[in-house]
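Reader: I've got a fold on my screen and I'd like to learn how to read it. Can you take me through it feature by feature?

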Amino acid sequence: MLRISIHAAHPNVTLHCSGRIVLGLETETLRCMATSRTENCLTLDLSGICALDAAGIGLLVELQCWAEQKKKALRIAKPSACVRRLIDLTNLQSLLQVGDCEKLGSFEEWERAALATGAERAMSA
């Protein structure tokens, strides 16, 4: 099961995810929740994810492509160990914008940096 809580502060939104991102209802739920957001900067907090399969990793790539097409910024924040392991294993760190809050300061600072990047993208569009 996937649980998503939303923290929106326009033009940013953070989807705090916990549970599993696997083929079926979970991937469809995250896809619908993410693509329905109107904010310019979308952050996926994946610290609570305990399982991620090929459909889940494929969805992260799909959402990155969707964000680029819509001129939005997509960030993956605080990936859990299983998420980090699959991103590294598939060599997707060059495509996905992944941040560890320990390296970037507080989560709020990281969200402010993401907002600035999102605003820059919106202005260059």
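Reader: What covers the buried residues of α3?

Author: First, the terms: helices (H or I, at least four residues) and strands (E, at least two) are DSSP runs, numbered from the N terminus, and buried means under 20% relative accessible area, exposed over 50%, partly exposed in between (1.4 Å probe, protein chains only). Here the cover includes β3, α2 (54-69) and β5. One caution and some bookkeeping: this is a predicted model, where local features need pLDDT of at least 70, side-chain atom pairs count only at pLDDT 80 or more, and totals for chains, interfaces and linings use all residues. Residues are numbered from 1 along each chain as its sequence is written, and side-chain values use heavy atoms, with hydrogens and water left out.

Reader: Which residues of α3 are buried?

Author: They are C82, V83 and I87. Looking down the axis of α3, its buried residues fall within an arc of 135°, so they line one face of the helix. That arc is taken from the directions from the helix axis to the C-beta atoms. Turned away from the buried side is a face with the exposed residues A81, R85 and L89. Just past α3, N91 has a positive phi of about 60°.

Reader: How do I read the strands, and in what order do they form the sheet?

Author: The general idea is that strands of a sheet pair through backbone hydrogen bonds, either parallel or antiparallel. For counting, two strands pair if DSSP finds at least two bridges between them. In this case 5 strands make an open sheet, ordered β1-β2-β3-β4-β5, with mixed pairing. At the edges are β1 (2-9) and β5 (98-99), each pairing on one side only. β3 and β4 (residues 73-77) pair in the parallel sense over 5 bridges. Within β4, R75 is the bridge partner of T43, and I76 is the bridge partner of L44.

Reader: Is β4 mostly covered or mostly open?

Author: Mostly covered: 5 of its 5 residues are buried. In a regular strand the side chains alternate between the two faces of the sheet. In β4, A73, R75 and A77 are on one side and L74 and I76 on the other, and both faces are covered.

Reader: Where do α1 and α3 lie on the sheet?

Author: For the angles, axes are lines fitted to C-alpha atoms, for helices over the stretch in contact (heavy atoms within 4.5 Å), and angles run from 0 to 180 degrees between N-to-C directions. α1 lies across β1, β2 (12-21) and β3, at about 180° to β2. α3 (residues 81-89) lies across β3 and β5, at about 105° to β3.

Reader: Now a loop residue. Where does E39 lie?

Author: E39 is in the loop between α1 (25-35) and β3 (41-52). With 7% relative accessibility, E39 counts as buried. Leaving aside residues up to four places away in sequence, E39 touches A8, H10, P11, N12, V13 and K72. V13 is 26 residues from E39 in sequence, yet their C-alpha atoms are 6.3 Å apart.

Reader: And the whole protein: what pattern does it follow along the sequence?

Author: The pattern is β-β-α-β-α-β-α-β-α-α, from 5 helices and 5 strands. Of the 125 residues, 41% are buried. Among contacts between residues at least 6 apart in sequence, 69% join residues at least 24 apart.
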